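Hello,

Here is the structure we talked about handing over. Please load it first, then read the notes below.

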Amino acid sequence: MHRRVALLSVAALALAGALVPAQAQATGTADHRPVRWSGADSSSERRTVLQYWTTQRMLAAQPMDTMAAPRRAARSSGPTRGEPWAARGDAAQTGQRATQRTPWRTQGSGNQARGTQTQQAVPNSPGLRWTDGGAVVRTSGRLFFTTAEGANASCSGTAVTSANESVVMTAGHCVKLNGAAHRNVAFVPAFDNGRRPFGTWVATRLFTTQQWNAREDINFDIAAAVVAPLQGRTLTDVVGGQGVAFNQARQRQMFAFGYPAASPFDGSTLIYCSGRAFNDPVATRGQGVRCNMTGGSSGGGWFLGFNESTGLGMLNSVNSFTYDFAPGFMFGPFFGDEAMEVYQAAQNTGAL
């Protein structure tokens, strides 16, 4: 039975340049190579994007309220699952580099041990403003872009630890939708009602899964943007980076973050939801959490092992869609081998 779902950002825009397969990491016989294309890959183009995104335009950027259902191929087998793998993140301005990346297996139920730390976050929040500070404030941000029709729009994204210190993870429909890629793509970490405390970072390379690129299969609604250095410094050198994790156990405690911009929100502040994830009982192979975030939160990070005191965790999914008949629940794709290949291709790409 065909069921309608609502993506959480706006329609995308005209593609400048052909999409080509990215160079893949070796992952056995299966081909999980992502698709990549150029954003603002010259200094003049980056200056144009920076000049375009005035505070007024950012505040006026709106998500689309309703959209057609994404196409999910009937023969889709769902994300490929391989060995658990993760890279741990670093807080900003520690002078440390998060270069160690090793296989990481989960143990036990995945619940975080609280110890004697003071925890102010609500472990079962359907949607509250994040007020506890920490690294998640700096690493979360709004992703701005322009649609094919010329409308300015926004999603959410997360700065993650990476070899090039320049990767933002987000949703596939936040970089490409309805067969067209976005332009004027820029990431603003720690966005706060128009304030940009860490600047505006322009995307030079964009990546998504083959499945999202070819047929917008909602099971693979995953993307990455590589952003150019700003004033001689890389993104995670300035704001820090969250860890990433792939092929992890399902149905664990998650914290989901984003900048919802559709009513009753306005995109001005960072919102979070939290609770134990559950398998999508309707149509996809993703997971859901109880959450009332709205359009604009697409691409915001879901974290395993999230530490409310430090604001650090392991990015393990992104806000993707809600069902129109169940708006109080958010769904995100499983981070399997295809998601890992998007991340690996992005982190091994030069930022310029």
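**Disulfides**

The whole structure was searched, and 2 disulfides turned up (a disulfide is a pair of cysteine sulfur atoms within 2.5 Å). Before the details, some ground rules. This is a predicted model, in which local features need pLDDT of at least 70, side-chain atom pairs count only at pLDDT 80 or more, and totals for chains, interfaces and linings use all residues. Residues are numbered from 1 along each chain as its sequence is written, and side-chain values use heavy atoms, with hydrogens and water left out.

Cys155 is bonded to Cys174, with an S to S distance of 2.2 Å. The link of Cys155 and Cys174 is left-handed, at -85 degrees about the S-S bond. It connects distant parts of the chain, 19 residues apart. Cys155 sits in strand E9 (residues 152–160). Cys174 sits in the loop between strand E10 (167–170) and strand E11 (176–177). Helices (H or I, at least four residues) and strands (E, at least two) are DSSP runs, numbered from the N terminus.

Are these two cysteines buried or exposed? Cys155 counts as buried because its relative accessibility is 0%. Cys174 is buried too, at 0%. Buried means under 20% relative accessible area, exposed over 50%, and partly exposed in between (1.4 Å probe, protein chains only).

The other pair is Cys273 and Cys291, with sulfur atoms 2.0 Å apart. The torsion about their S-S bond is about 65 degrees, so this disulfide is right-handed. Cys273 lies in strand E19 (residues 271–276), and Cys291 in the loop between strand E21 (287–290) and strand E22 (301–307), so the pair ties together parts 18 residues apart in sequence. Cys273 is buried at 1% relative accessibility, and Cys291 at 0%.

Counting bonded cysteines along the chain, the pattern is 1-2, 3-4.

**Nonpolar cores**

The largest nonpolar core has 63 residues. A nonpolar core is a set of buried Ala, Val, Leu, Ile, Met, Phe, Trp, Tyr and Cys residues joined through side-chain atoms within 4.5 Å. Those with the most contacts inside it are Met169, Leu235, Val244, Phe246, Phe257, Phe335 and Tyr343. Helix H6 (residues 337–347) gives the most to this core: 6 residues. Another core lies apart from it, with 15 residues, among them Ala245, Ala256, Met293 and Trp302.

What does Phe257 contact, leaving aside its neighbours within four places in sequence? Its partners include Trp130, Val136, Leu270, Met293, Phe303 and Asn319. Contact means heavy atoms within 4.5 Å.

Best wishes
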